[in-house]
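Keep the sequence and the 3D view at hand.

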Amino acid sequence: MVRKNLVNATIVITGASSGFGRGAAIKLADMGANVVLAARRKAELEALAADITASGGKALAVAVDISDPEQVAMLTDSAIQRFGHIDIWINNVGVGALGFFWQIPVADHARLIDVNLKGLIYGAHEAINHFISQGFGVLINVGSVDSEVPLAYQASYAASKAAVLSLSRTLNEELQLNDFKDIKVATVMPWAVDTPWWTHAANYTGHAPRMAAMDDPKIVIDALVEACLNPQEEMPVGWKAHASTLSHNLFPDTTEKLSANVARRSIAKAQPQPNSTGAIYEPMEGTAMIEGGIRARMKQEDENK
């Protein structure tokens with residue numbers, strides 16, 4: 001299913017208040033799409049919707065906690081009531097918990113699964129049922145390089161993102177079995193990206209969050225737009241994601257050892273930071289932006305070593 005343009009396409013975007021969800025919303029609105037902005041932060045979403053409208057776009061802000069299925073159903077109803085239909089649903093959900101698995105409280109692991117997996121399932125269920133009723137649609141699930149390559153200090157996050165990829169693959173199988181040729185499921189899999197995700201993550205490493213060779217959010221934003229126009233089953237983003245996925249397929253044990261050492265060395269370079277639950281339970285103020293400023297801090301930390 002290849003679209004020539006996105007004019008008047010209605011696109012639901014979860015996680016739209018910051019990071020590449022926010023960036024994709026702005027770009028898709030500029031391309032003529034009706035964007036439905038979903039996240040927990042009502043004021044930030046309404047401000048973004050107002051900015052998009054002032055620029056000539058069409059946007060609807062809907063405050064939603066994606067881990068609540070009733071709120072996700074309300075998101076669907078709100079989008080249809082405003083725009084009449086949904087063409088594309090971007091399941092951009094993801095909170096993190098950084099640290100050794102046994103040092104992270106089990107409640108934080110549970111919350112992460114509630115959001116990253118159960119929340120994504122709720123969104124996918126709403127989207128697929130709507131697409132079946134109208135005969136077409138595109139579901140875009142945002143996974144991670146962690147979907148293919150497990151990463152130390154991110155155990156439950158990596159597990160959730162592996163589940164996202166498996167869910168997407170299974171959905172495509174089931175759609176094929178039922179001959180729903182015009183319903184597509186794509187999984188976008190970025191490398192580590194400089195967004196507020198790192199600030200929002202629960203952190204039990206004792207250090208400020210960082211990761212080697214972070215990508216710019218722009219390449220993920222571009223990948224999300226490409227997935228709207230030409231969805232593919234699996235879409236690694238950037239050469240690092242492609243290379244690590246290929247390496248893991250060929251040399252899994254070696255790749256996992258290398259990735260663990262990269263994560264350990266990166267964390268060791270960071271400035272000390274007390275343990276925190278981040279924004280996994282309650283949203284933060286002051287982080288409604290696309291870039292997270294992590295690369296700038298990393299550069300400063302590296303210069304001070």
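Q: Which residues in α3 meet Tyr 122, Gly 123, Glu 126 and His 130 in α4?
A: The model is a predicted one. Contact here means heavy atoms within 4.5 Å. On the α3 side, the residues that meet those four are Pro 69, Val 72, Ala 73, Thr 76 and Ile 80.

Q: By class, what residues does the contact of α3 with α4 have?
A: Tyr counts as nonpolar, Gly as polar and Glu as charged. On that basis, the contact has 5 nonpolar, 3 polar and 1 charged residues.

Q: At roughly what angle do the axes of α3 and α4 cross?
A: Helix α3 covers residues 69–83, and helix α4 covers residues 106–134. Their axes come within 9 Å. The crossing is right-handed. The angle is roughly 35°.

Q: Is Tyr 153 buried or exposed?
A: Tyr 153 sits in the loop between β6 (137–142) and α5 (155–177). Its phi is positive, about 75°, although it is not a glycine. Most residues other than glycine have a negative phi. The relative accessible area of Tyr 153 is 14%, and the cut-off is under 20%, so Tyr 153 is buried.

Q: What relative accessible area does Ala 213 have?
A: Ala 213 lies in the loop between β8 (202–203) and α7 (217–229). This residue is not a glycine either, yet its phi is positive at about 55°. Ala 213 is partly exposed, with a relative accessible area of 45%.

Q: How far apart are the end C-alpha atoms of α7?
A: The helix has 13 residues. At 1.5 Å a residue, α7 should span 18 Å. The value from the model agrees: 19 Å.

Q: At the start of α7, which residue's backbone nitrogen does a side-chain oxygen of Asp 216 reach?
A: The side-chain oxygen of Asp 216 comes to within 2.8 Å of that nitrogen. A polar contact needs N or O atoms within 3.5 Å, so this pair meets the distance cut-off. The nitrogen belongs to Lys 218.

Notes
Residues are numbered from 1 along each chain as its sequence is written. This is a predicted model: local features need pLDDT of at least 70, side-chain atom pairs count only at pLDDT 80 or more; totals for chains, interfaces and linings use all residues. Side-chain values use heavy atoms; hydrogens and water are left out. Axes are lines fitted to C-alpha atoms, for helices over the stretch in contact, and angles run from 0 to 180 degrees between N-to-C directions. Helices (H or I, at least four residues) and strands (E, at least two) are DSSP runs, numbered from the N terminus. A crossing is left-handed if the near helix is turned anticlockwise from the far one by less than a right angle, and right-handed if clockwise. Buried means under 20% relative accessible area, exposed over 50%, partly exposed in between (1.4 Å probe, protein chains only). The expected span of a helix is 1.5 Å times one less than its number of residues. A polar contact is a pair of N or O atoms within 3.5 Å; within protein, one must be able to donate a hydrogen and the other to accept it, and residues adjacent in sequence count only if both atoms are side-chain atoms.
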